Amino acid sequence: MKKTTPLFLLIFVLFLTVSCSEKEVKYEKQPEHPSLILTVQGVKEIRSQLGTVPLFDKTLARTIKIIDVEIAKEISLSTPKDLSGGFSHEQHKNIFLILQQAGVLFQITQDEKYAQYVKEVLLAYAKLYPTLPVHPQTRSYARGKLFWQCLNDSNWLVYSSQAYDCIYEWLTPEDRNILENDLFIPFANFISIENPQFFNRVHNHSTWGNSAVGMIALVMGNDDLLNKALYGIPTDSIDANMKDNDGGFIKTEGQKVGFLANIDEPFSPDGYYTEGPYYQRYAMYPFLIFAQALHNVKPELKIFDHKNGVLLKAVNAILMLTDQDGEFFPLNDGQKGMSIQSRELVTAVDIAYKYGGHNQQLLSIAQEQGKVLLNDSGLAVAKGLRDGKAIPFIKKSYELTDGPEGDQGAVGVLRSGDIEVVFKYSAQGLSHGHYDKLSFSMYNEGNEIIQDYGLVRFVNIEQKGGGNYLKENKTWAKESIAHNTIIQNEKSHFDHKYEIASKNHSTKYIFNTEDLQFQIASAKEENAYPGTELHRTMVLVKDVNNSSPYLLDIMRIQAAEKNQYDLPYYYLGHIMSANFEYETFSQLNILGPKNGYQHLWKKAEGIAQNPNTKISWLNNDKFYSLTTTSDKNDKILFAQIGANDPDFNLRNDPAIIIRRNNFSNTTFATIIEPHGHYSPVSELAKDATSSIENIEIIQSNSKYTVLKITKKDASIKTVFLSNIDSDKNTKHELQINNQKHQWSGPFYYINTKQ
């Protein structure tokens, strides 16, 4: 990156002032302090309520205990040199978290030791910052100064601006002059003017950058910085050859940028964030903290009404994307185990409760979190809990559209009993997206049954690539074979090319959960493989005589040419039985040379010997069976992740892969059924075998698919699907085995006995 000269900066700022004149936000008067996450009136109320709001009091006592230990330590700022997880990285990260909490404690307790700590640390940074070059680690497309990337520098400024706001009036004018001229203004200019490739994006990185610059602008009453934050900086300053961290060129010409654009573009009207739940969780902190600050200082912007209140809708959306244990579904890049206990979700829940109409369901989430923010929002939640207003947050079947207008596919979640099915038919998800259209995962009681791999990264663990993304994230996790979806000719969807995938999305066909016995989600994908249409339908079936629902998975393929199709199921557990003969290999070979196949060991292989192939396994003392329709030449492969993994970066998880070759049009019909239980104490197995006798494809063509499911109790369910007309009012008539069937709408089923 070219070094920016002081003269250029002066000219650039003058140009920006003119270019932003039409949408410039100005201060009518200087803001009072605190005003970001705390307000003057809010602090008064907090102090008056202390001792009467149990969860707030508990959080306050715990925070005082932690921060008192930290501020007693000697202040010593290390020279930035490490990647994520390294000493310097973790020290500066810990400091900004302490600064924010110490500032809040000063406002609540009025104990000046907290203000003194914040002042001393910020003044130490004001001495250090002007001496710093860009970070010595060169991995990032936008290197920071305190951290290896501007993203983390922005984290620092988002939190530190809150601390500065809390002690602003306590500081002398001389102190404020030093901090603003030697630290905050240069810091904000560095992550914006000097790094436009970072600041002028529609991405969670830029959201942090925009919020960081905007929040410090609000504290200082700085019009210029605030306008940069809200609307971005001129795009002609960006190097046309600059690439983002996914290898795709950053295209900003004619594209709106800045904080408001980062609300408008990645969020669908339903509040789904296109990068996926993991990064939605991460981005919700800057989105909502900055929004709260704008609400307090710039109420005329009506930020919580922007795009029909999408920021508040987004909190409900992301909570719907958690399993029974409150952990986020790992769509796209996502670390498993991230949950509603994260500090970002505590922030999201508290702010959404205060500014979103006091939704009492959110109080039950806050109660589960066991802590609140030490600010106006946290107090509102704590008062609601104290007054007994909490009601359960109901996680139901739900569809969240994708795309700015909600027309770029969706993510559908089907729930019945303890079963949750997550069906992905969305847009690419920006640079954190994976190439896995029409993939799914399945959970039972919060446990993964059919899993999505998530990301290949050990976040903030220095020993693993500096805590950053590992190369296998691209060579494995993003590839289509890593997911439970169809793969044609061992190639990933869109040929693993971001510039193609980012322009395409799947198309919703049906999402209907009105009948709790037959909840259905269906979608089509026409661009993953040119000349091939994929149509997948997921049905969560709850039969009256079944203790648990089962999943009916129908994957229909129409192609212009004959191909090889692989359909993997990444189950977790221990194989119990299979109804076909297979050969296990004493010497392991890889499944294929590239496109993710190089990371799969072929452990066993067999040929389907029956019209139905059945495999059963045990997971967490529960039995599961997969029953699928078979062609006589279908290969059934048992595979395991972990090949070509010299640094042991991958989990060694198993997979079942159904391989069908030399077909153009074909349909896979599969049932995944939970059944029974094993007790290691009594050593008894109950209902250890599947209740499914047979699944048969009666008809499958461009117009209709008809399936017959026969159970061992002699009950039969016949399922009818219209493949070309999803209108609920369309009347259909079909002759099956000399019997006429008539119905309205895209699907229909009947129950009979043998």
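Author: Let us begin with one term: contact means heavy atoms within 4.5 Å. The model shown here is predicted.

Reader: Which residues are in contact with glutamine 451, leaving aside its neighbours within four places in sequence?

Author: By that cut-off, glutamine 451 is in contact with Lys336, Ser441, Asn484, Tyr570, Leu572, Arg651 and Asp653, its neighbours within four places in sequence being left aside. Glutamine 451 itself has its place in the loop between β5 (447-450) and α17 (472-477).

Reader: Why is glutamine 451 called buried?

Author: The word buried requires a relative accessible area under 20%. Glutamine 451 has a relative accessible area of 2%, and is therefore buried.

Reader: What makes proline 593 exposed?

Author: Exposed means over 50% relative accessible area. The value for proline 593 is 66%, so this residue is exposed. Proline 593 lies in the loop between β13 (582-590) and β14 (600-607).

Reader: Which residues does proline 593 contact, leaving aside its neighbours within four places in sequence?

Author: With those neighbours left aside, proline 593 is in contact with Glu490 and Gln598. Glutamate 490 is 103 residues apart from proline 593 along the chain, and their C-alpha atoms are separated by 9.4 Å.

Reader: Why are α7 and α9 called roughly antiparallel?

Author: The axes of helix α7 (residues 173-192) and helix α9 (residues 204-220) cross at roughly 150 degrees and come within 9 Å. Angles over 145 degrees count as roughly antiparallel. The two helices, α7 and α9, are therefore roughly antiparallel to each other. Their crossing is left-handed.

Reader: Which residues of α7 and α9 meet?

Author: In α7 they are Glu180, Phe184, Ile185, Ala188, Ile191 and Ser192, and they meet Gly209, Ala212, Val213, Ile216 and Met220 in α9. The residues of this contact of α7 with α9 divide into 8 nonpolar, 2 polar and 1 charged.

Reader: How many residues has the largest nonpolar core, and which have the most contacts inside it?

Author: The largest nonpolar core has 127 residues, and Trp156, Tyr164, Leu183 and Phe184 have the most contacts inside it. Helix α12 (residues 277-297) supplies the largest share of this core, 14 residues. A second, separate core has 62 residues, including Ala410 and Ile636.

Reader: What does leucine 183 touch, not counting residues up to four places away in sequence?

Author: With those residues not counted, leucine 183 touches Leu122, Tyr125, Ala126, Tyr129, Trp156 and Ile178. In soluble globular proteins, nonpolar side chains tend to be buried together.

How values were computed. Residues are numbered from 1 along each chain as its sequence is written. This is a predicted model: local features need pLDDT of at least 70, side-chain atom pairs count only at pLDDT 80 or more; totals for chains, interfaces and linings use all residues. Side-chain values use heavy atoms; hydrogens and water are left out. A nonpolar core is a set of buried Ala, Val, Leu, Ile, Met, Phe, Trp, Tyr and Cys residues joined through side-chain atoms within 4.5 Å. Buried means under 20% relative accessible area, exposed over 50%, partly exposed in between (1.4 Å probe, protein chains only). Helices (H or I, at least four residues) and strands (E, at least two) are DSSP runs, numbered from the N terminus. Axes are lines fitted to C-alpha atoms, for helices over the stretch in contact, and angles run from 0 to 180 degrees between N-to-C directions. Angles under 35 degrees count as roughly parallel, over 145 as roughly antiparallel, 65 to 115 as roughly perpendicular and the rest as oblique. A crossing is left-handed if the near helix is turned anticlockwise from the far one by less than a right angle, and right-handed if clockwise. Ala, Val, Leu, Ile, Met, Phe, Trp, Tyr, Cys and Pro count as nonpolar, Asp, Glu, Lys and Arg as charged, and the others, Gly among them, as polar.
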